[in-house]
Number of protein chains: 2
Amino acid sequence: MTKEKYGNKLKDSNLKVTPQRTAVLEALDNLKDHPTADKIKEYVVKNNPNIAVGTIYKTLETFVEKGMVNRVKTEEGVMRYDAILDRHHHLYCEETKRIEDFFDDELNEILIKYFEKKKISNFAIKDIKLQIIGTFDSKKN
Amino acid sequence: MTKEKYGNKLKDSNLKVTPQRTAVLEALDNLKDHPTADKIKEYVVKNNPNIAVGTIYKTLETFVEKGMVNRVKTEEGVMRYDAILDRHHHLYCEETKRIEDFFDDELNEILIKYFEKKKISNFAIKDIKLQIIGTFDSKKN
DNA sequence: TATTAAATAGGAATAGTTCTTATTTAAGAT
DNA sequence: ATCTTAAATAAGAACTATTCCTATTTAATA
């Protein structure tokens with residue numbers, strides 16, 4: 001059932017359906033935490049012990065090109081990936097380096113309106129992302 | 001005169017005044033373009049041909065720790081540095097990868113007010129940064 | 001089932017950054 | 001002005017994340 005879901009997703013993007021790609025998609029779907037390539041590998045290896053690291057990177061690159069996945073900017077210089085494509089922002093925890101999604105349509109509205117009114121000269125905006133930096137309350141960690 | 005300025009800045013942060021640190025500060029002051037460590041080295045080497053790469057990295061790390069410099073998140077996995085500490089946002093050019101500063105106090109006000117009203121549960125906000133993604137008009141490039 | 005372009009494994013290569021250690025130096029004490 | 005010492009630096013090795021290379025395998029289609 002879910003396997004099929006991933007297959008369809010790949011077909012939709014005109015990609016051949018391979019076990020490796022399916023596995024990476026599955027990993028992205030389950031690792032909600034903006035995983036690094038390495039975390040994805042850890043997950044994928046469970047069921048695909050022979051997968052090569054290069055394949056994971058290649059696959060992720062392909063997904064990014066096809067717009068199925070986004071890269072997430074971090075301050076540590078390791079790439080992280082995000083399978084959620086709906087417009088959202090990120091909460092960055094300074095202490096734990098955890099990155100969490102933040103959805104807020106009202107905020108998006110405000111931003112869009114603001115930049116419609118106040119254009120930036122010589123710059124065409126395609127997207128706006130907030131990095132909300134701070135710390136999670138200790139209780140929740 | 002300016003050399004002295006850098007010296008004082010270092011003293012203010014309780015750092016020994018060395019030619020290497022002064023040179024890196026000078027580079028950061030002149031390379032407005034959110035330079036990478038490599039660009040900084042290129043600049044510094046002009047007057048300090050013997051400076052070691054490691055020293056530049058170490059120095060930058062020290063400056064970041066002391067809060068004299070910020071790291072800038074990028075999507076390419078290379079670290080970039082920013083000597084401007086005033087609250088500001090960044091314009092990311094998708095085509096050229098240029099990163100430019102964007103100052104807008106009105107926008108900051110709006111954001112601060114918005115998040116005062118609408119708190120994020122379990123998260124204490126320390127800073128908010130906008131990544132404004134798009135392209136510069138070709139004329140200006 | 002055969003064909004073929006595309007995908008993968010495996011490992012080497014690269015780039016950016018950090019680490020290690022012997023040597024040098026800035027800054028305070030004498 | 002010189003001595004002392006902890007801190008900073010040079011030089012290059014080591015490490016890590018990522019990309020590249022190529023022979024082999026495979027998915028999709030005929």
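Student: How many bridges join β5(A) to strand β5 of chain B, and in which direction do these strands run?

Tutor: This is a predicted model, in which local features need pLDDT of at least 70 and side-chain atom pairs count only at pLDDT 80 or more, while totals for chains, interfaces and linings use all residues. Residues are numbered from 1 along each chain as its sequence is written, chains are lettered from A and ligands numbered from 1 in the order in which they are written, and side-chain values use heavy atoms, with hydrogens and water left out.

β5(A) and strand β5 (residues 123-136) of chain B run antiparallel and are joined by 13 bridges. Strands here are DSSP runs of E with at least two residues, helices are runs of H or I with at least four, and both are numbered from the N terminus; two strands pair if DSSP finds at least two bridges between them. Within this pairing, Ile132(A) stands opposite Ile128(B) in β5(B). In a regular strand the side chains alternate between the two faces of the sheet.

In chain A, 38 residues are in contact (heavy atoms within 4.5 Å) with 38 residues of chain B. The size of an interface is often given as the accessible area lost when the parts come together. Between chain A and chain B, the buried area is about 3800 Å², and carbon and sulfur atoms give 61% of it; this is the accessible area (1.4 Å probe) that two parts lose on being put together, summed over both.

On the side of chain A that touches chain B, β3 (89-93), α5 (105-117) and β5 (123-136) of chain A each supply at least two residues. The largest share of that side, 14 residues, comes from β5(A). By residue class, the side of chain A that touches chain B has 18 nonpolar, six polar and 14 charged residues. Here Ala, Val, Leu, Ile, Met, Phe, Trp, Tyr, Cys and Pro count as nonpolar, Asp, Glu, Lys and Arg as charged, and the others, Gly among them, as polar.

Salt bridges (a side-chain nitrogen of Lys or Arg within 4 Å of a carboxyl oxygen of Asp or Glu) number 10 across the interface of chain A and chain B. One of them links Asp104(B) with Lys118(A), whose closest N and O atoms are 3.4 Å apart. In another salt bridge, between Glu106(B) and Lys117(A), the closest N and O atoms are 3.9 Å apart. This pair joins two chains because Glu106(B) lies in helix α5 (residues 105-117) of chain B and Lys117(A) in helix α5 of chain A.

Chain B also has a strand pairing of its own. Strands β3 (residues 89-93) and β4 (residues 99-102) of chain B run antiparallel, with four bridges joining them. Leu91(B) has Glu100(B) in β4(B) as its bridge partner. β3(B) and β4(B) form a hairpin with five residues between them, and Lys97(B) in the turn has a positive phi of about 65°.
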